[in-house]
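Subject: Structure handover

Hello,

Please find the structure below, followed by notes on what turned up in it.

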Amino acid sequence: MELQAVLMAAGGGSRMMDLTYNTPKPLLPVGNRPLIWYPLNLLERVGFEEVIVITTKEVQKALSTDQRLKTDVKMRLDVVCIQEETDMGTADALRHIQQKIKTDILVVSCDLITDVALHEVVDLFRAHNATLSMLMSKVHEFTETVPGQKGKKKAGEQRDFVGMDVTGKRLLFMANEADLEEGLVLRKSIMHKHPRMLIKTGLLDAHLYCLKRSVVDFLVHNKSVTSIRGELVPYLVRKQFSKSLNSKNRMFGVHNKCTSKDEALLQLARERSCWNDHRGDMSEAYHGGKLRCYVHIMEEGMCYRVNMLAAYIEANRVVPKLFEDPPIHPTAVVSERSLVGSDSIIGPFCQISGKTSIKRSNVGTSSTIKEKVKITNSIIMNGVTIEEGCNIQGSVICNNAVIGRGADMKYCLVGSGQRIEPEGENDVVQRSAGYTTRTKTHTLQFCSSAVFVLNPAFCVCVCVHSHAHVCLFVCVILCVYVRFNVLIAY
Amino acid sequence: MADSDGRQVDSINHSTEEDVKLQEVVQAKCEGKELTKEEKQRLRKEKKQHKKNKKDDRGPPEKEKEKEKASVLAPSKPATQSPAHKAPVPVNASASESPVAAEKPAKSKAEQRAERRARQDTERASKQGKKEGGQQSASSKPKATPNELQPVVKRLPEHIQVDDPAALKKLAKKLERQQVPLRSDYGYKVSLFSHLHQYSRKNPPTQQISIPATVIHPSIVRLGLQYSQGIIAGSNARSVALLHAFKQVIQDYSTPPNEELSRDLVNKLSPYISFLSQCRPLSASMGNAIKHIKKEISNIPSQCKEEEAKRRLQECIDSYINEKIILASEAISKYAIEKISDGDVILVYGCSSLVNHILCEAFEKQRKFRVIVVDSRPRLEGREALRRLVKKGIRCTYVLISALSYILPEVSKVFLGAHALLANGYVMSRVGTSQIALVAKAYNVPVLVCCETYKFCERVQTDSFVSNELDDPDDLIVTRNGKTHLENWQTVKSLGLLNLVYDVTPPDFVDLVITDLGMIPCTSVPVVLRVKNVDQ
């Protein structure tokens, strides 16, 4: 065995609570498959026969019952459950399964959808005998309007600064904006060894890491490290240039002990080889360091991390094009008088009545769409019922929601199990982005930024709207989340 | 073969056959090759004997003469043959022929001999007939066979017949059987080199194999990548790394039930070796090391316990590295230091690990000399040599090969490393070496080649076309000041890039070869090879 694959699928999806409130992140449907299928498929495609899946009880249950996943994934899944309440980090999880780890590991996050040629990452790891090699890609600009998000962009996302050597492969430096106090501080030891460094921003860490076995040993000895991305990777990157080789040997020495003779031979081979990874100074290849981190940056191709609503929507739009499934599942019942665009996919056991039009949308398993419904640019999850005459545009409708007759929704997010009443007065939520909306007597108009999640009891929607033909109004949605914060919109 | 009745007929026919053969030889000789005096004399003698034979009409002295004739004939064959081939074909005439010649005097009965000969002749004839009649497809048979006197056909290595679809097909089949990916050739090849592989680094051999490498041992995959990316480069480094990987393979090996270690392990290694040669064609030194290991494996007695066998193999690998590479370099540097005197200006080319070692040793022994490092594109390995030497504190000058004739007047000795030493005394080394040797000869500067004996190779080559290696042509592309010339060279139909790796230097330009067995002239390579073969 050369590499063992570890799939981290215990994350709660805290950055898209709206979606993951009822459905765990690994099971969110993307292109009518659970999200977890994509990393599993990636691993299976390149030839893995066994994967250790770290996940929660809930997901495990779903995995064991999902027939489709079972037929699609032929690998042996070694599912390890961890308690949700303990709030384990990814490094904690690795520590948890350390007895199972016999070789170097490939850690993948469950929200990664990519068509990367994985051998690029692994080859860096192999050829340079690296301690860490990881995958990054260019950050995507999400162009689609995201339901439930106001204004332009949240300023939230903090940038990563990634420093590479001239070849663009060796990872020299890594810092997050959040950790910086005043400016970017580069240590002298790095600049000394790599006077030319390329620092990039706008890179997305795909959370795919090849790690040496000794790193897991290191984790076992250092219980303070809890997260791979947050602590371990920056630590390893930093450690490449630290002078205290002794302390490093102490930490990584566990594995090296028995192979000292091998080391001597490798050293001899390297001495005789006329190769060097750099030039311009007098030191040997790799500057004599034993710890090396590499990064492969995807220049083209697709790489999404589905950890935000925007990414989720984008992935749903792009993914079906890559996997050649039939757009309409054979078990779906689609009326002949309906119009389903070729850019849409319809899941199994769906019922679609006549006079409907579905464009650029995904409709999940066992959903029912009644007559005269128009759906564009939307994601309909599983078991949703949409009654007559609805017009849904750019929205995400979660599992088992029921949309009442005649609803007109634009850029809405409907939480799982929600029911939009056909003529309910309380549910009228409107916000216009400066354009005119006409409210007709029997049409409920939902505009952008309406969020229907959670239990109606906690969801107080106050709307102020004028009855005039030209209406300008402010809509205040007050969403009280079950446990915590109060989110005030206007 | 019909023995009983064949015998008489054979013996009757024999003399006439001999006759025909002789005539053939004579013909071959008259066909436009110069005859040395010796050969002429010998021929004359043979003719005389022949006539005598006929007169005697199978009398008692026949046996004597037959014997003589056989012994005369046998050595004459290679003599006639080797000039007959135009250079390219790896001639193994002497090797293949010698057992035949040696065999003959052993059996005393002329009849037996004659019979056997006749049988061989008929066999050969039938084979030839088949070959010519049947498929004319130029399979792996080299064109060395027109001379029918040579019974053993030396198979051409696949890596020099890439332009032959049949050979390629055969290779693809073999790799498929071994579950090793076939790497596709890259780009347009310059004419005269279409028979060689040309790979692109952007298209690594690992592309097609599963990521947790299951068929091929992980350490072999790693090694292959390091070869193809040039991380492990240079004959010595490649051999050490190969042996190291083999050690790991042996470590992880366990004999399957109902198998014998000595057989199974050799079988297991062969796909690994094909994988490595897909990454980069094997070097002569690696070929020798592989041969050695395979021999050691097959020498392991079947009753030997697995653990014991593995331990023995690992020890033998260790001792191979120690003796053939480490100690050899020590010995060579001991000899070479004698040749370095105070005030010398030594010219080196590229980055030879052995030459570097020698210079460092000499410096430590307080010799006062300075070094001129000559370098060439595209690899610029001289920089690494320069770095290592300067780091030791040796005074160095760095020039590119284009400045060679300018710098040579001040040089007192040229030290060159070698990729392999061929049986005809030619030195195979990094491309550019022969140029340096040539210019050095012109300036009357002594050229010393340093080479361990494990790099000696039984191949014969007189030019750099037949068997060579093409590196990635994209290496020749340079980016300077943000501009990349030749970026789209593939789109220009009339343009080909040639990134040749080796060349051969004729022995005329080499004054001395320093080996671990001492200082020898180039032409003594066959002697060393013979001694080595006896040893093993």
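Asp104(A) and Lys212(A) form a side-chain salt bridge, 3.8 Å from N to O (a salt bridge being a side-chain nitrogen of Lys or Arg within 4 Å of a carboxyl oxygen of Asp or Glu). Asp104(A) belongs to strand β6 (residues 104–109) of chain A and Lys212(A) to the loop between β12 (203–211) and α8 (213–221) of chain A, so the pair ties together parts 108 residues apart in sequence. Helices (H or I, at least four residues) and strands (E, at least two) are DSSP runs, numbered from the N terminus. Asp104(A) is buried at 16% relative accessibility, and Lys212(A) is buried with a relative accessible area of 16%. Buried means under 20% relative accessible area, exposed over 50%, and partly exposed in between (1.4 Å probe, protein chains only).

This is a predicted model, in which local features need pLDDT of at least 70 and side-chain atom pairs count only at pLDDT 80 or more, while totals for chains, interfaces and linings use all residues. Residues are numbered from 1 along each chain as its sequence is written, chains are lettered from A and ligands numbered from 1 in the order in which they are written, and side-chain values use heavy atoms, with hydrogens and water left out.

Over all chains there are 34 salt bridges. Another one joins Arg126(A) to Glu2(A), at 2.8 Å from N to O. Arg126(A) sits in helix α6 (residues 118–127) of chain A and Glu2(A) in the segment before β1 (3–9) of chain A, so this pair links parts that are 124 residues apart in sequence. Arg126(A) is buried at 1% relative accessibility, as is Glu2(A) at 10%.

In chain B, Glu306(B) pairs with Lys310(B) in a salt bridge, with the closest N and O atoms 3.9 Å apart. The two are four residues apart in helix α11 (residues 306–339) of chain B, a separation of about one helical turn. Glu306(B) is partly exposed at 25% relative accessibility, whereas Lys310(B) is buried at 11%. Salt bridges with shared partners also join Arg201(B), Arg379(B), Glu381(B), Arg430(B), Asp471(B) and Asp475(B) into one network.

On chain A, an unreviewed UniProt entry annotates residues 332–422 as "domain: EIF2B subunit epsilon/gamma LbH"; UniProt positions are given in the numbering used here, feature names are shortened, and annotations may be inferred rather than shown by experiment. Over residues 332–422 of chain A the chain is 0% helix and 42% strand, with the end C-alpha atoms 26 Å apart.

Regards
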